[in-house]
Amino acid sequence: MASIIDIKEECALQVRDFEFTYKGAEAPSLKKITMPIAKNSITALIGPSGCGKTTLLRSFNRMHDLYPGNVYNGEIEFEGRNILSSKEDLIQLRTQIGMIFQKPTAFPMSIFDNVAYGLRLQGIKNKSELSDRVEKALKDAALWKEVSDRLKNDANGLSGGQQQRLCIARAIAVEPEVLLFDEPTSALDPISTQGIEKLVIELKERVSIIIVTHNMQQAARVSDYTGFMYLGELIELGNTENLFVTPKEKLTQEYITGKFG
Amino acid sequence: MTATQKRVIANRIVLTLSTLSAVIALGFLFWILGVLVMKGLSALNWNIFIFEGAPPGYAESGLRHALVGQAILIAMATAIGVPLGILAGTYLSEYGKNSKLAHTIRDISDIMMSAPSIVIGAFVYAVVVMPMGHFSAWAGAIALGIIMIPIILRTTDDMLQLVPGTLREAAFALGAPKYKVIMDVVYRGAKAGILTGILLGIARVGGETAPLLFTSFNDNFFTTNLNDAMPSLTVTMFNYAISPYEDWQQLGWAAAFILSMFILGLNILGRLVLLMSRSK
Amino acid sequence: MIDKIFFNMTRTSALLILFIVAWIFVVLFNHSTEAMHAFGLDFITQDEWAPNLEKFGAYAAIFGSVASTFLAMLLAVPVAIGVAIFLSEIAHDKIKGFFGVSVELLAAIPSVIYGMWGLFYFVPIIRDIFGGVGIGLLAAGIVLAIMILPFMAAVTRDAMNTTPDILKESAYALGGTQWDVIKDIIIPYAKAGIIGSLILALGRAIGETMAVTFVMGNVHHTPSSILDPTTSIPVTLANEFTEADSSLYFSSLFGLALTLLVMSFVVIAIAKFYFLRKVRNGQ
């Protein structure tokens, strides 16, 4: 039986008996997962490849719906409603729960337009409001100083680390409640990685963060809570420090000491 | 109405329009396929394979001459296009590789693949038909062969490049000369791919009409004389279809059906060969 | 020794392609010099084509080629893009497979059959709706559009499919609809590939002979309406090459063939080298 701690803070998301089955698969890829996600904290998901951590992350903004035939069961509660309901407005949900991907995904447009993209989707047309909010988002993403003089340039001219911060700026510009990070530094060099990690920690004042990482040190450095997953199950969820120093489950201990992975 | 609602509505409109265009496209295509199958099947009978062309109004009228002529033309074109295409493709993949010359040849041959086939017909008319003084099966086969070369060249080049370099190195390490490595190892590794290329190449030239119009011309009677005009299914189909005689038009549809089935069969066979070699 | 022979055989075959292409240009050019001397620029600017008077102006045929291709593009491009969107973003896997098979089926049909269908089934409809003879620019444009549609839709879909999933997902993750993702992400990203594919289809349409020969009319007259019968370069070649009875007539036909070859070479080269090379280099 998994050992899941109770958290003191308010919950941003509450996962209950959640199961996820990919199209055509016989067995669910995620099995009976129950976990709280603390508000204004960072929750890291770790585990060997194929353990389901990314699958779980992509359930929070219903990304799986882009590919028909996948099945959700159970409940993910967000702001008092079950977001797995078929009535859930996915467009609305995705503006509330943003996502950052493994690789920087700068759109084929200017730096400014990239950050303004989500705002424009929401119907903001007023130029001064747009530029104010773009500036604020870029400042919050620690990118403003580097790009303020070339906002009209193609975003693909930026370095990898800058592009990833641009994607973060783009995601926070629409002021989401939750941000999902899917191995955000896996394509970056160590210095850019450091920058992103610092940024993630700063961001938790405003948003609740869930981060999937392949790197245990990263989880230890940035997160408040860590969940260890294995073969589609959540084995253990604890305070990051406790989980890494005194894991309650044998599997967790074997994983963090490098016995498998 | 909020901006999001507007976007949702715009999305619905676009998706509907795009589904509609798919329906329209499929509708036309099935209309044409339907006509081809209905008309072709109803015109099909044994006489077609037994008798040669006859003046309109004769019951004993068939397509034997065109079927045989088509087979001869395609066989000759294959004999011209396949060896040249494979050798040229071999040069690109095994010798030329990334040299400037190899890239130029690839580019030019790519353009040739989409160039108007009737122009090839005009060219062959000038260099074969005019000196000979008359239409001939040779001229038609050369025109089709020229069209075939770039298709075979491209697939051979692509397929040979898929053969792993380590396989070549292993053969070289045994002291084999390059031509032996290519013949014994590279060709063998790319066998299925090259065969598929050949089948698709034959299918492609099999449906060509324009380059035959003034090279092999046409003949309403059975012939195997390569120095003379040679009937083909496509040109026969064209001549019969624009004729005012209903029985000739019927034969035209029968020819269209037979030829389409042949080409479709080659396409399917080509894909099967590739699939089977991959599943191994 | 054998090694050397084999190498030379492959090299000669490869060079043969360049040689044939060059030879085609030289032959067509040589054979058309008589017409060029006789008419000069009038060859492409005059539309009087009167074999009995030994007057050959190719303007009508050139205009017919351009106009029928333009009309075909006008009709086919929106539908092809619609179909490509349907295939890449809407259709379920089964429908995709079904459509893929249909496209293969259609690719297997020789273009002469499109022409036969057009003549027997589509021309009467045009005649009933618009009056006139039915045969003409409009019929040619429509038959041509239908003929290039499967190819165009398939290559456009392939170009759209080069957009990385992760980029599309990023836009969905910001609350974009499918149409938002198509117009803001996929089309800008795959622009060069899409345009290149469409131009490639245009290059094919311009040289297409058999699909339009049946339905265009072969009348050397610049049409005053899209319902008028007219001609195009390949249609003229198909109909008149075996009828030409004077060396100037032949020379003029070779001049037409050269014009067509140059037109399609330029169009295809622009598609391949300007747009599609960009795509290849970008990836």
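Predicted model: local features only at pLDDT ≥ 70, side-chain atom pairs only at ≥ 80, totals over all residues.
In one of the salt bridges, R7(B) pairs with D180(C), and their closest N and O atoms lie 2.6 Å apart. The count of residue pairs in polar contact between chain B and chain C, with both residues at pLDDT 80 or more, is seven.

Several helices of chain B build the side that touches chain C. Those that each supply at least two residues are helix 1 (3-43), helix 3 (64-96), helix 4 (100-114), helix 5 (117-132), helix 6 (137-162), helix 8 (178-189), helix 10 (233-242) and helix 11 (246-279). Helix 1 of chain B provides the largest share of this side, 21 residues. Sorted by class, the side of chain B that touches chain C holds 59 nonpolar, 14 polar and six charged residues.

## Extent of the contact between chains B and C

How many residues does the contact take from chain B and from chain C? The contact takes 79 residues from chain B and 79 residues from chain C. Together the two chains bury about 7,200 Å², and 83% of this area is on carbon and sulfur atoms.

Three residues stand out on the side of chain B. I32(B), I111(B) and F123(B) supply 9% of the area that chain B buries against chain C, which is more than any other three residues.

## The contact between chains C and A

Chain C also meets chain A, in a contact that takes 20 residues from chain C and 25 residues from chain A. The area buried between chain C and chain A is about 1,800 Å², with carbon and sulfur atoms giving 70% of it.

Two salt bridges are found across the interface of chain C and chain A. One of them joins D93(C) to K23(A), where the closest N and O atoms are 3.4 Å apart. Six residue pairs in polar contact, both residues at pLDDT 80 or more, also cross the interface of chain C and chain A. On the side of chain C that touches chain A, the elements giving two or more residues are helix 7 and helix 8 (178-207) of chain C. Helix 7 of chain C makes the largest share of that side, with eight residues. By class, the side of chain C that touches chain A divides into ten nonpolar, five polar and five charged residues.

## The second largest pocket

The second largest pocket has a volume of about 980 Å³. Its lining consists of 34 residues, and the closest of these to the pocket centre are D65(A), L66(A), E89(C), Y172(C) and Q178(C). The lining divides into eleven nonpolar, nine polar and 14 charged residues.

Which elements each supply at least two residues of this lining? They are helix 2 (90-96) of chain A, helix 1 of chain B, and helix 3 (59-90), helix 4 (93-107) and helix 7 (165-173) of chain C. Helix 1 of chain B gives the most to the lining of the pocket, with five residues.

## The architecture of chain C

The secondary structure of chain C comprises eleven helices and two strands. Read from the N terminus, the elements of chain C follow the order α-α-β-β-α-α-α-α-α-α-α-α-α. The C-alpha trace of chain C spans about 70 × 70 × 30 Å along its principal axes.

## Salt bridges in the whole structure

Over all chains, a search of the whole structure finds 34 salt bridges. One of these lies within chain A, where R221(A) forms a salt bridge with E197(A) and the closest N and O atoms are 2.7 Å apart. R221(A) belongs to helix 8 (residues 216-222) of chain A and E197(A) to helix 7 (residues 190-203) of chain A, so this pair ties together parts that are 24 residues apart in sequence.

Key
Residues numbered from 1 in each chain as written. Chains lettered and ligands numbered in written order. Heavy atoms only, no water. Contact = heavy atoms within 4.5 Å. Buried area = accessible area lost by both parts, 1.4 Å probe. Salt bridge = Lys/Arg side-chain N within 4 Å of Asp/Glu carboxyl O. Polar contact = N/O pair within 3.5 Å; in protein donor to acceptor, adjacent residues only side chain to side chain. Helix = DSSP H or I, 4+ residues; strand = E, 2+ residues; numbered from the N terminus. Nonpolar A, V, L, I, M, F, W, Y, C, P; charged D, E, K, R; others polar. 1 Å grid on protein atoms, 1.4 Å probe; cavity = no way out; pocket = protein on both sides within 12 Å on 5 of 7 lines; lining within 4 Å. Points joined across faces, edges and corners; volume = space filled by probe spheres on them.
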